[in-house]
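Subject: Structure handover

Hi,

Here is the structure we spoke about. My notes follow below it.

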Amino acid sequence: MAEATPEITLQIYAQALENLEKAYEILHTPYSNFMVESTKILVSPDYPAEIRINIGVLLRNILIEQWELIQPCRKIIRELLLNGLVMNVSNMPIIELISSIIVSIIVLDPSHIWPSPLMELLNWMDDINAVESSLELFLQLFGKLSETNGEYQNLLKEIVPSVLEKGFGIFAQPELNEMLREKILLMVYLVLRSISFADGTDNSLVNKCLDNTFQIWMSLFLSALQTSPKSHIFIKKLVLKILIVIFRDFGVYSRKSLALSLIPIWKFFNSITQLYIGHIVYQIDVEHLDSLFGEENKELPISNQRIINIKNDIEYKYLNEDDDYENHIEGLCAYSIELITILVTKPALYNLIKFGTFPLLNTLSTFLTATKEQEKQWVKDPSYFILNDEEELLQKSVRTLALKLINDMIEKYGDQFIQQILIVGEKLILNREEKEFIDLAQSIISKLNFQELKGQQSKDFDQDSVMQFMKGSIITINNNHYLKSFIQKRKEAGYLMLGSFSEDIIVFQQKHQSTFDIKKCMQNILYELEKHNSHSLQARAIWSTTRYSDLISHQFKELLVPLFESVIIYLDSKYPITLRIISVKALGNYAQKIHKFNIAFEYKQEFMESVLTVLQEATQDQMISILESTINLVKFSSTLATTLAKNGSKVLLQFFSVFHSEQCVIKPFNELIVRICQCKEAYPHIFEVFCPFILDCFQVFYEDVHKIQDKSKIKQSDISLMSAIMNITSTFIKFCSDSKAQDAFINLLPSMVNLILINEDPQLQVHTSQCLKNFIIIETGQILKMNLVQDVMKVNLKLLEVPQNSANESASLFAGNLVMITINNLLDGNPDLNLLKAVVFKIYRSRMPSTVQSLVLVYARMIIEKPKESIAFLTSWSIDNRMALKVLIDKWLLQQPLFRGKGTKNATFSALMKLFLVKDKTLENLLVIGYNPSHQNINSDVYAPFKILSLLIRCLDNEIIPQKQDNAQQQEDDRLEVENDDDDFNDKKNQDQVDVDLEKIKDDDDQDIADRFALLDPKEKKDKGLADLETGSTLYMSEFLDFNQEVGEECDETTEEDLTYLKDPCLNINLVDSLKEFFTNLLKNDQEYFRFCLRHLLKEDILLLQKHIKLNF
């Protein structure tokens, strides 16, 4: 086979570089020595660097691809590459390229090949001039190995001890420059990450790698942290990252170093607060930081090197990560907090740290200070500031890391730490003198029992050292140019701290005596709101009041009105949008409380115009909270609702036209429209604006629909708009109380009925049928007068059809509601038989619980009124050879636990009680799906009365739990009414638990009753119940058919309103009381039948019943 010469090799690469798309095809040459010649050119200084780099980039990929195929050349190539590191010491681009090729080969080769060459390379590092070249290879190598999770254990075991030892020896050389020290530390970081997988699983590997050098490295790390915080910042940052890996990932190996490391790390943590305030908060150049804390009165030079240069950043280069911090000082602070967080969670340090939580918190409070960048962000993007707690903690910054650590410490150190939060928070918001604070801290720390620390590893941790930590945590700015700003920043941090942990603070205040006065704090906020403070401070102060609004509304109601009046001022357009959004949210919060407690006061309703302006200026993400707050304001006052309708209806219509398809926004918007329409004074104003728009859109859409033969080609955007319009039209119809509104909408009725009949879109069907239902309620006489009853019946039957596409089942979400209203209003309460049959067939083919529950409700109400007649009707016909009664009862009992809404549950469970008590023989011999159905036990059928009884028992247990929670909440509210109430409340059991002899129940002879049931054992039945229909439906699995599943919530309010309109007798019953009365009467009047049925239930059901009902047998 021909061999390539250097000239031929260069020609081939020249061709490849000219035609990069076919480069790899060109490089697949017939020359046996092509790879070797290519490598020689790459490593040889005789060729121009640019040519070598271009060749190296192409060679790396083709070499790795063909490595298995060029076995005779491998050894030569390895040697050439290693020699290349020696030959190109001063040419780092070539060194980086050669290193990357070597690393790619190492991970392909057997592990025994490379230890010796790598050891030789380490020895070569004795020459100071060769250190950087060798380091490049090891940085790339361990960067790769750190991602493999122990796949190269043998290689690691052989080279890591020597790498760490050699690295330390070189690091200690005084002539080494800063950059090489940084690279050595980065290499140590990557080495530790590479072997961290073995801690706790292969301790022998960890011991072999670390035993010889761990202590000297730890001494070096801790010593580095004790130097001036302003020097060697990047080295300190790397040291922190290494310590994080050691204490986080080497939990077993590092445990002996914990106590000895704590104090040096803590001292360093205190020492960097000035760096954070000066350089990160105020962006002052590091060289001028001392002037910030000295007695001066001048503005200091701003640093012009805040941003990290990514190209020169070795972290980004070798770790392929960007830590999201703008400069190394911010990273230094962030990693310090992360390291402290790791130490705080160590059980071995619990006793030590619990004595030092006070100074630790005081240091953390400094890191809560908002930076200039955050304040700029506050102005540019309100969403950055207006977040819920979870979202705020997801933001990556020093501030949020500090908040997270405080939250972790609350969980670990409890009430003691919460008390310290109150003290530090109060110091910040009241701007207390530090000397006064130190004296208070001294008195608190002196009361701690440091004798508990005897025998701990850290001998230097005592009262004096804790006080030194406290003094070291104090930071004072004496430069008058920055003093006012710093005071306001401290106050903002204080309100942030007290607001973020308000729930814990309120619970603490209820349990303990405390010098912290929440009322005084809120009064101080009222004082702050009158001053010319920074906008961010005002916003944070307002925000913090909302965190305590529940407590304020119970204990300090007199503050709600002053707060409301003070915050209204900040709706003025001269204030930043963020402050105005916060103010709207606060006003909605206060209004909710004022409305709840019927607090009367006078206010100028014109501020609602400012609320509208805020809504217009807000982004989509912010609109939701503004709409929710506006809803609370409208609910609070009909005057505000009228003002909003009078002055803002055009704005609301514009808002609707833009956001009608945005579900997250349009949902609260629709609720706002409902609240406005509920106000009789407001309705005419909003109707006057919206009505022409609705009528025009409906007319245009209706005409377009009739022009289009294929209805599937109707634009989805048009359907979406009409669905939203129908939804809002339904609201207008529902609350219209004057003839003008009724006359305006009545002409829509025939077209609307026709639209339902020809339309197939589920979303539009739902909203249009809801609209029709409200028409029937409001305009029954007009429908009869216009001879539209038969058309309405067709609509009912249309919605009860079984669609070929099961996804369209959602179109029938409220079909049962429409049927009930149709029967009541248009059929004089006499149901049409075909309609009733269609309801059962729809139940048979439906899978969505929300659909099934509205349809079952039709029959539940019939059964309550006429149980025997209803059963007789259902036994007179069948579906697919199944008795209609079985079809109904099967699906009803299967999905009853998923039914939602007070009225629905009251009606359906009352109907089940009726069915059980009627003792109909057909029903008693009816087999239904068993107690805990799933795809695995579909044949375990039981008789209907047994399943009904089981469901009633489970319902009783399920309903008692929230009743207890409501009672507990009421007691909690009562506790909030009284300050310093130290009594804990206890949940009382609803009934004393009585042990039941299950065997006695089973052994009784009830043959007479048994004779009434079918002789055939249900277990022998082969009927699969609903298995064939429900297969593939997740709802058929037993764990999804239990009580407390969040399904069908969307039907609650609508169905409750419809049942209220129908004056349903079960709507206001107490279900728990009814069930208890049901079981008590069974025990009293029909004990034998009750006992017989209990015999056939699961043991778990009997035990549930036993919790709440005393069984006397």
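First, a term: buried means under 20% relative accessible area, exposed over 50%, and partly exposed in between, with a 1.4 Å probe and protein chains only. This is a predicted model, where local features need pLDDT of at least 70 and side-chain atom pairs count only at pLDDT 80 or more, while totals for chains, interfaces and linings use all residues. Residues are numbered from 1 along each chain as its sequence is written, and side-chain values use heavy atoms, with hydrogens and water left out.

Overall picture

The chain has 1113 residues, and 57% of them count as buried. Its secondary structure comes to 59 helices and 4 strands. Both are DSSP runs numbered from the N terminus: helices are H or I with at least four residues, strands E with at least two. Take the contacts between residues at least 6 apart in sequence: 77% of these join residues at least 24 apart. Contact means heavy atoms within 4.5 Å.

Salt bridges

The structure holds 36 salt bridges. The criterion is a side-chain nitrogen of Lys or Arg within 4 Å of a carboxyl oxygen of Asp or Glu.

- Lys-798 and Glu-760 pair at 2.5 Å, N to O. Lys-798 sits in helix 44 (residues 789–799) and Glu-760 in the loop between helix 41 (749–758) and helix 42, so the bridge ties together parts 38 residues apart in sequence. Lys-798 counts as buried because its relative accessibility is 13%.
- Asp-1064 bridges to Arg-861, with the closest N and O atoms 2.7 Å apart. Asp-1064 is in the loop between helix 56 (1052–1061) and helix 57 (1071–1085), and Arg-861 is in helix 47 (residues 849–865), so this pair ties together parts 203 residues apart in sequence. Asp-1064 is buried at 8% relative accessible area. Arg-861 is partly exposed at 22%.
- Glu-434 and Lys-427 meet at 3.7 Å, N to O. Both are buried.

Glu-779 lies in the loop between helix 42 (762–778) and helix 43 (780–785). Leaving aside neighbours within four places in sequence, Glu-779 contacts Gln-742 and Ile-746.

A helix pair

The axes of helix 38 (residues 683–707) and helix 40 (residues 739–746) come within 11 Å and cross at roughly 10 degrees. That makes helix 38 roughly parallel to helix 40. Axes are lines fitted to C-alpha atoms, for helices over the stretch in contact, with angles from 0 to 180 degrees between N-to-C directions. Under 35 degrees is roughly parallel, over 145 roughly antiparallel, 65 to 115 roughly perpendicular, and the rest oblique. Helix 38 contributes Tyr-683, Phe-687, Cys-691, Ile-694 and Leu-695, and helix 40 contributes Lys-740, Ala-741, Ala-744 and Phe-745.

Positive phi

Asn-881 has phi near 65 degrees, positive in a residue other than glycine. Asn-881 sits in the loop between strand 1 (878–879) and strand 2 (882–883), and is exposed at 80% relative accessible area. Lys-919 has a positive phi too, near 55 degrees. Its place is the loop between helix 50 (902–918) and helix 51 (921–924).

Best wishes
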